[in-house]
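Welcome! Here is a short briefing for anyone meeting this structure for the first time.

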Amino acid sequence: MRFEEYLDVTARVEMMAYKIITDLVNMIQSNNHDVAKLLDMLYEIEDVKKMIPIEHDSYREMRMRNQDIAKATYDLVILVYESGGTYDNNRRLKWSEITDELSFIMNKRTEVIIRLFQAEGIDYHLNTDGSLSYSIQK
């Protein structure tokens, strides 16, 4: 798998997490405990996890980050699924813990990718907006 494909998988994992979390928040706010939709979310997470490559040891940190994002998202879905539509203080606290962990993982994206660029000898530039530009010599 090429470097760009790893970045694509990372973007897919992140988009899946954002989409599912948005759907979960909407479900909670509307008090609509949709078990079928929750099960679909779990299947979606499993499908995305299958896309996370396991080869190339130099991409290990990115792979682990993607797996951690998928696991935290899964944990949120299970939390809502098991709630039966009721959200006591313990569930709210657990939600906060998981989302804090997920935020921490998501915020490590740039540093993980920079280390990957360095390991692969890829020229990159950290832009003023925090994004990265890179070029691969072929």
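The points below go through aromatic rings, salt bridges, a surface patch and one further residue. Please keep in mind that this is a predicted model. A search of the whole structure finds nine salt bridges, and the structure also holds two aromatic pairs.

**Aromatic rings**

- Let us begin with the two aromatic pairs that the structure holds. In one of them, the ring centres of Phe117 and Tyr134 lie 5.1 Å apart and the planes meet at 40°, so this pair counts as tilted. The reason is that planes under 30 degrees apart would be stacked and planes over 60 would be edge-to-face, with the rest called tilted.
- Distant parts of the chain are linked by this pair: Phe117 belongs to helix 5 (residues 109-120) and Tyr134 to strand 2 (residues 132-135), 17 residues apart.
- Are the two partners buried or exposed? Phe117 is buried, because its relative accessibility is 1%, under the 20% cut-off. Tyr134 is partly exposed, with 35% relative accessible area.

**Lys49 and its two partners**

- Which residue lies over the face of Tyr74? It is Lys49, at 5.9 Å from the ring centre.
- Lys49 also meets Glu46 in a salt bridge between their side chains, at 3.3 Å from N to O.
- Both Glu46 and Lys49 sit in helix 2, where three residues, or about one turn of the helix, lie between their positions in the chain.
- Glu46 is partly exposed at 30% relative accessible area, and Lys49 is partly exposed at 37%.

**Other salt bridges**

- In helix 3, Asp75 and Lys71 are four residues apart, about one turn of the helix. Their side chains meet in a salt bridge of 2.7 Å, N to O. Asp75 has a relative accessible area of 25%, so this residue is partly exposed.
- In helix 5, Glu111 and Arg115 are separated by about one helical turn, because they are four residues apart. A salt bridge joins their side chains at 3.7 Å, N to O.
- Glu111 counts as partly exposed with 39% relative accessible area, and Arg115 counts as partly exposed with 35%.
- A network of salt bridges links Glu14, Arg65 and Arg109.

- Which residues make the nonpolar surface patch? Val35, Leu39, Tyr43 and Tyr81 do, and the patch covers about 370 Å².
- Helix 2 (residues 35-51) contributes the most to this patch, with three residues.
- Tyr81 is found in helix 3 (residues 60-83). Its relative accessibility is 35%, so Tyr81 counts as partly exposed.

**Glu97 in helix 4**

- Glu97 has its place in helix 4 (residues 89-107). With 41% relative accessibility, Glu97 is partly exposed.
- How far apart are the C-alpha atoms of Glu97 and Asp129? They are separated by 28 Å, and the two residues are 32 residues apart along the chain.

Methods
Residues are numbered from 1 along each chain as its sequence is written. This is a predicted model: local features need pLDDT of at least 70, side-chain atom pairs count only at pLDDT 80 or more; totals for chains, interfaces and linings use all residues. Side-chain values use heavy atoms; hydrogens and water are left out. Helices (H or I, at least four residues) and strands (E, at least two) are DSSP runs, numbered from the N terminus. Buried means under 20% relative accessible area, exposed over 50%, partly exposed in between (1.4 Å probe, protein chains only). Rings of Phe, Tyr and Trp (its six-membered ring) pair if their centres lie within 6.5 Å; planes under 30 degrees apart count as stacked, over 60 as edge-to-face and the rest as tilted. A charge sits over a ring if NZ of Lys or CZ of Arg is within 6 Å of the ring centre and within 35 degrees of the ring normal. Patches are made of residues with over 30% relative accessible area and no salt bridge: like charges are joined within 9 Å, nonpolar side chains (Val, Leu, Ile, Met, Phe, Trp, Tyr) within 5 Å. Accessible areas come from the Shrake-Rupley method with a 1.4 Å probe; for residues, only the protein chains shown count as cover. A salt bridge is a side-chain nitrogen of Lys or Arg within 4 Å of a carboxyl oxygen of Asp or Glu.
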